[in-house]
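Work through the exercises below with the sequence and the coordinates at hand. Each task is followed by a solution in steps.

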Protein chains: 2
Amino acid sequence: MLGSELRDVDTPAVVIDRDVLDRNIARMAETVGASGLRLRPHVKTHKVPQIARLQLAAGACGLTVATIGEAEVFVEHGATDVLIAYPLWVGARQADRLRRLAGSARLAVGVDSAEGARAMGGSLGRDAGMLEVLVEVDSGHHRSGVAAASVVDVARAAADAGLRVAGVFTFPGHGYAPGMPLAAAAQEARALDVAVSRLRAAGFEAGWVSGGSTPTALLTETDSALTEVRPGVYVFGDAQQLELDRCGWEDLALTVAASVVSRHPGNADIPRRVVLDSGSKVLGSDRPAWTTGFGRVRECPGARVTALSEHHATLAWPEDAELPALGARLHVVPNHVCLTMNLVDEVVVVRDGRVVDRWAVAARGRNS
Amino acid sequence: MLGSELRDVDTPAVVIDRDVLDRNIARMAETVGASGLRLRPHVKTHKVPQIARLQLAAGACGLTVATIGEAEVFVEHGATDVLIAYPLWVGARQADRLRRLAGSARLAVGVDSAEGARAMGGSLGRDAGMLEVLVEVDSGHHRSGVAAASVVDVARAAADAGLRVAGVFTFPGHGYAPGMPLAAAAQEARALDVAVSRLRAAGFEAGWVSGGSTPTALLTETDSALTEVRPGVYVFGDAQQLELDRCGWEDLALTVAASVVSRHPGNADIPRRVVLDSGSKVLGSDRPAWTTGFGRVRECPGARVTALSEHHATLAWPEDAELPALGARLHVVPNHVCLTMNLVDEVVVVRDGRVVDRWAVAARGRNS
C-alpha cells in the first residue's frame with residue numbers, strides 16, 4: 001500500500017505527516033541545543049524506534065521511557081543511553097530485566113523513596129552498581145516525587161544500597177493548563193536547584209539534572225541547575241498543546257483519519273452533530289477540564305468533539321459551517337497523542353498526501 | 001506461569017476472576033431468557049473468543065460487535081450469527097470483507113441514513129441480499145441513529161438498494177447516568193415501538209427489534225416490541241456500573257492488579273496520596289462527570305483515583321485508612337472495562353487467587 005493515496009487507507013487510521021515530524025524534531029533539537037541543555041526526548045509519546053532514531057540523529061543525548069518493557073524495545077532497536085523516568089518498584093523479575101538492559105546500554109532509573117531504593121538495591125544485589133539512579137523531585141505536580149528538601153534521605157538510601165546516585169529529575173506536569181507553563185517551568189527550576197544544592201551539601205555530585213516537558217521545555221531558565229529536558233509530545237503536537245498555545249495547527253504532525261458515519265442537521269429537540277468512526281478506541285479519552293472537548297478537527301477549527309464512546313466521536317458542528325457529507329473523511333487532532341499511539345499497532349506515514357511508510361508502534365502495550 | 005500465584009504476575013495486569021465471570025454470564029442469560037427476550041451480548045466489551053463461547057454456551061442467540069474487524073475475529077473463532085451494531089459506511093474494501101463474512105455466518109449490519117444504505121447496497125452490488133440490515137433508531141442518546149418517525153425513509157432506501165431490512169436497533173446510552181437507567185429503558189421501548197409500527201405500516205416485517213445495554217437490559221418493558229437485548233459490560237462490571245448501582249463489589253470480575261510505586265502521607269501543602277503503576281495505559285481515562293473519579297480500589301472502597309496520567313494512577317486515600325506500603329499490590333476497578341480490554345494483549349484468568357489461564361484479547365485494536 002506504499003505510494004497509495006491517503007484517502008485509500010481504511011479509517012480510523014493514525015496518520016503521521018513526515019515533513020511536519022521532521023520539522024518538529026529539528027526545531028526542538030536546535031532550540032534546546034542553543035540553550036546549552038541536553039535533550040532526552042520521552043519516547044513513550046510515540047513508541048516507534050524509527051522516530052527515536054530521527055531524534056537521536058538530530059542530536060538527542062539519549063532516550064527517556066516509562067517502563068522496563070519500553071526500555072527493552074528501544075535498546076533492542078539500538079538505543080545506548082536510556083533513562084526510565086519512573087520510580088520503579090524492583091523485585092527479582094524486574095532486577096533480572098534491568099541487569100540485562102544495563103549490560104547493553106547506559107541505564108538510569110528513577111527512585112522517590114528510601115524503601116524503593118532499598119528494594120531496588122536488594123533485588124539487584126552485587127549488580128546494583130550497574131544502575132544509575134535519579135531521585136525524583138515533586139516540583140508542584142504532586143504525583144510521584146519527594147519534596148526537594150527530602151532528596152538527601154532517598155539518595156543516601158540509594159547509595160547505601162549500592163546504587164550510583166547520578167542526580168535528580170522532575171516532571172512539571174502542572175504546566176499542562178492555561179497560563180501554567182511559565183509558572184511550572186519556574187517551579188521546576190527552583191525545585192531542582194534546591195534539590196541539587198541539598199545533594200551537593202551532602203557530598204553527592206548530582207551532575208545530572210533532568211526536567212520536563214513539552215509545555216515547559218522551551219521556557220526553562222538557563223541559569224538553573226538543569227542539564228537536560230525530556231519533552232515528548234513535541235514531535236507530534238496535539239489538541240492540548242494547541243489549546244495551550246504551545247503549537248500551531250501547522251505544527252500538528254499526527255491526526256486520526258476518520259469517516260463521517262452519521263450526520264444530523266439538528267432541530268429544536270435534537271442537537272446538530274456529526275458522528276465519526278474515531279471513538280475512544282483511537283483518540284483516547286483524556287479530557288482535562290480546561291480543554292474545549294475531546295479533540296479538534298483539521299477541516300473545521302470551530303468543531304468540537306463533545307462526546308466519545310469507544311467507536312463513536314460525536315462532534316458539535318458550527319451552525320455557520322456546512323455539515324460534512326456522509327462518508328467524508330476528516331482528520332481529528334486528539335487531545336493527547338501518547339494515548340492514541342498506545343491504541344494502535346501501526347501508523348501510516350505520509351508526505352504530500354501520499355503514503356510513504358508504515359511504522360509499527362513497537363513499544364505499544366509494554367506496560368510493565 | 002499457569003498454576004502460579006496471582007501475586008507473581010507483573011503489574012499492571014488485567015485479572016479476570018473466572019468464578020465471578022461465570023456467575024455474571026449465567027445470571028444475565030437466565031434473567032433475559034426468563035423475560036422471553038433473546039440475548040445477543042456485545043463482545044466489544046471483552047474482545048475474547050473464549051468469553052464469547054461461554055456466552056453462547058449459556059444461551060446467547062448470537063454476538064454483537066462494532067466493527068468489521070471484530071466480526072472477522074469472532075467468525076474466525078466459530079461465531080455463526082453476528083450483528084455489527086454500527087452504521088457502517090461501506091466502500092469497495094468494506095464490501096469485500098462483508099461478502100466474505102456473510103459467506104461464513106449470518107451477518108447483519110446497522111444503517112442510519114438513506115445515503116449509507118445506498119452506499120452499502122451500491123458497493124455490495126448483486127451481493128447486497130447477503131446482508132440483513134437493522135435501521136438504527138435514536139432513543140434519546142443523540143449519538144448515531146435516526147428519529148423513530150424517520151425509519152421508513154432509511155428502510156426504503158435499503159430495500160431499494162437490495163439489502164434485506166430485518167428490523168431496528170437502538171442504544172440507550174443515556175442510561176449511563178444516575179437515576180437514568182429506568183427512564184432510558186422506557187424511552188428505548190417507546191422509540192422501538194414507534195419505529196416498528198411505522199415500518200409495519202409501510203409493509204416491512206421488522207421482526208428483529210434490538211435494544212441495549214448493561215444498565216437497561218434488565219429493566220426492559222416486556223410488553224414492548226423488543227425481541228433481544230445487547231448488554232456487554234455485564235460480564236465484568238466496572239466502576240461505572242458499581243456507582244450506578246447496577247452491580248455490587250462481589251459482581252466485579254475484572255480488576256487491574258497494580259503496585260504502589262509512590263506514597264505520601266501528605267501535609268498542609270501536599271495532598272495525602274498513593275501512586276500506582278496502573279495509569280491510563282491500562283485503566284483508560286473515561287470519566288463521566290457523575291463518577292467519583294477514574295476508578296475504585298477493591299482493598300479500600302473509600303479511596304478514589306483522582307488523577308491519571310499514562311503511567312501513574314494517583315489515589316486520594318482516606319484519612320482514617322492506613323496508607324498501603326510501597327510495593328503493595330492493589331486491585332483497581334476501572335471506570336469502563338471496554339477501554340481496559342482494548343489496551344492489553346492478554347489477560348490473566350484466576351480462580352481462588354491462582355492463575356488458571358491466560359487469554360489473548362484477540363480482537364483488540366480491530367478498529368475498522
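The exercises go from domains to the sheet, then to single residues and the chain pair.

This is a predicted model, in which local features need pLDDT of at least 70, side-chain atom pairs count only at pLDDT 80 or more, and totals for chains, interfaces and linings use all residues. Residues are numbered from 1 along each chain as its sequence is written, while chains are lettered from A and ligands numbered from 1 in the order in which they are written.

**Exercise 1. Domains of chain A**

Task: State the domain bounds of chain A and describe the contact between the domains.

Solution. Step one takes the bounds, which come from an automatic or database domain assignment: domain 1 of chain A covers 18-235 and domain 2 covers 241-335. The centres of the two domains, taken over C-alpha atoms, are separated by 34 Å.

Step two takes the contact (two residues are in contact if their C-beta atoms, placed from the backbone, lie within 7 Å). Domain 1 of chain A contributes eleven residues and domain 2 of chain A eight residues. On the side of domain 1, helix H1 (residues 18-34) of chain A gives the most, with three residues. Helices (H or I, at least four residues) and strands (E, at least two) are DSSP runs, numbered from the N terminus.

Step three sorts that side of domain 1 by class: nine residues are nonpolar, two are polar and none is charged. Here Ala, Val, Leu, Ile, Met, Phe, Trp, Tyr, Cys and Pro count as nonpolar, Asp, Glu, Lys and Arg as charged, and the others, Gly among them, as polar.

**Exercise 2. The eight-stranded sheet**

Task: Give the strand order of the open sheet in chain A and name its edge strands.

Solution. Pairing of two strands requires that DSSP finds at least two bridges between them. The order in chain A is S2-S9-S8-S7-S6-S5-S4-S3, with parallel pairing. Strand S2 (38-39) and strand S3 (63-65) of chain A are the edge strands, each pairing on one side only.

Next, look at one pair inside the sheet. Strand S7 (residues 164-170) and strand S8 (residues 208-211) of chain A are joined by three bridges in the parallel sense. Across this pair, Phe169(A) is opposite Ser210(A) in S8(A).

Helix H3 (residues 68-76) of chain A lies across S3 and S4 of chain A and runs at about 170° to S4(A). Axes are lines fitted to C-alpha atoms, for helices over the stretch in contact, and angles run from 0 to 180 degrees between N-to-C directions.

**Exercise 3. Strand S5 of chain B**

Task: Is strand S5 (residues 106-111) of chain B largely enclosed or left open?

Solution. A residue is buried if 20 or more other C-beta atoms lie within 10 Å of its own, exposed if 12 or fewer, and partly exposed in between, with C-beta atoms placed from the backbone. Five of the six residues of S5 of chain B are buried, so the strand is largely enclosed by the rest of the structure. Strand S4 (residues 81-87) of chain B pairs with S5(B) in the parallel sense over five bridges. Asp81(B) has Arg106(B) as its bridge partner in S5(B), and Pro87(B) stands opposite Gly110(B).

**Exercise 4. Two residues of chain A**

Task: What surrounds Val305(A) and Ala258(A)?

Solution. Val305(A) is in strand S13 (residues 304-308) of chain A and is buried, with 27 other C-beta atoms within 10 Å. Beyond its neighbours within four places in sequence, its contacts include Gly293(A), Phe294(A), Ala313(A) and Val332(A).

Ala258(A) lies in strand S10 of chain A and is buried too, with 26 C-beta neighbours inside 10 Å. Residues up to four places away in sequence aside, Ala258(A) touches, among others, Thr11(A), Pro12(A), Ala313(A) and Val332(A).

**Exercise 5. The chain pair**

Task: Which rotation superposes chain A on chain B, and how many residues of chain A are in contact with chain B?

Solution. Superposition is by least squares on the C-alpha atoms of residues with pLDDT of at least 70 in both copies. A rotation of 180° with 0.0 Å of shift along its axis brings chain A onto chain B (RMSD 0.0 Å). That is the relation of a two-fold axis. Ser285(A) comes closest to this axis among the residues of chain A, at 2.7 Å (C-alpha).

For the contact, 47 residues of chain A meet 47 residues of chain B. Elements giving two or more residues to the chain A side include strand S4 (81-87), helix H5 (114-124) and strand S10 (254-264). By class, this side has 16 nonpolar, 21 polar and ten charged residues.
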